[in-house]
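Subject: Handover of a structure and its charged side chains

Dear colleague,

Please find below the structure that I am handing over to you.

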Amino acid sequence: MLKLTDDGAKITLQDPPPAGDNGLFWFGSALLVGAVAVALAMSLLPERLAIGALALLIIGSFFFNRQRQQRKKAMSGNINSGILWVRVGELVHDNQGRREQITLNKGDKVTLFGEQLQIVDADNLRKYHISGFDTLQEAQATKAILEGQAMGKRHVTIKINDD
């Protein structure tokens, strides 16, 4: 939902429903199976093999966690939920109490893809991908505000709530 402020706008992004499986669930399941296998190995196999099975479980957990961290790092430029405070040349992303201030540089470009925005730097490298807008007009208004364009009736539909 879009609300105009004195110096820009406040936009609430709608987080899409989670897609696919939950990696933490599968990690927990694999860890449980691995722990049971190591317990069986400790009771049935000689000491050296049991210690080797435990080492394999620890190494497997390490690599899975490292892969998850790399995937999370790759997704760091994606914004799809929370609240955006948009002003000319900058925006503040507030997501569950964590705030990130994003200031556009002179060479940065804001492009619109349907109901999604992408911010790229002067070398056309993607910095941010913003999705979760309710309507195309919200995405267009965000782009217009970031670029310093004057807001007109064609950019914004104002909803009046009786709260």
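Arginine 68 is partly exposed, with a relative accessible area of 35%; here buried means under 20% relative accessible area, exposed over 50%, and partly exposed in between (1.4 Å probe, protein chains only). Please note that this is a predicted model, in which local features need pLDDT of at least 70 and side-chain atom pairs count only at pLDDT 80 or more, whereas totals for chains, interfaces and linings use all residues. Residues are numbered from 1 along each chain as its sequence is written, and side-chain values use heavy atoms, with hydrogens and water left out.

Arginine 68 is found in helix H2. Helices (H or I, at least four residues) and strands (E, at least two) are DSSP runs, numbered from the N terminus. Together with Arg71, Lys72 and Arg98, Arg68 forms a positive surface patch. Such a patch joins like charges within 9 Å, taking residues with over 30% relative accessible area and no salt bridge. Helix H2 (residues 47-74) contributes the most to this patch, namely three residues.

Next come two paired strands. Strands S5 (residues 90-95) and S6 (residues 98-103) run antiparallel and are joined by six bridges; strands pair if DSSP finds at least two bridges between them. Glutamate 90 stands opposite threonine 103 in S6. The hairpin of S5 and S6 has two residues between the strands, and glutamine 96 takes a positive phi near 55° there.

How many salt bridges does a search of the whole structure find? There are four, a salt bridge being a side-chain nitrogen of Lys or Arg within 4 Å of a carboxyl oxygen of Asp or Glu. Three of them are described here.

- Arginine 99 and aspartate 94 meet at 3.5 Å, N to O. Arginine 99 is exposed at 59% relative accessibility, while aspartate 94 is buried at 16%.
- Aspartate 108 pairs with lysine 127, with the closest N and O atoms 2.7 Å apart. Aspartate 108 lies in the loop between S6 and strand S7 (109-113) and lysine 127 in strand S9 (residues 126-130), so the pair ties together parts that are 19 residues apart in sequence. Aspartate 108 is buried at 13%, and lysine 127 is partly exposed at 26%.
- Glutamate 147 and lysine 143 meet at 3.0 Å, N to O. Being four residues apart in helix H3 (residues 136-147), they are separated by about one helical turn. Glutamate 147 is partly exposed at 37%, as is lysine 143 at 22%.

Yours sincerely

Key: Patch = residues over 30% accessible without salt bridge, like charges linked within 9 Å, V, L, I, M, F, W, Y side chains within 5 Å. Areas by Shrake-Rupley, 256 points an atom, 1.4 Å probe, with all protein chains shown as cover. Lys, Arg positive; Asp, Glu negative; His and termini not counted. Charge placed at Lys NZ, Arg CZ, Asp CG, Glu CD.
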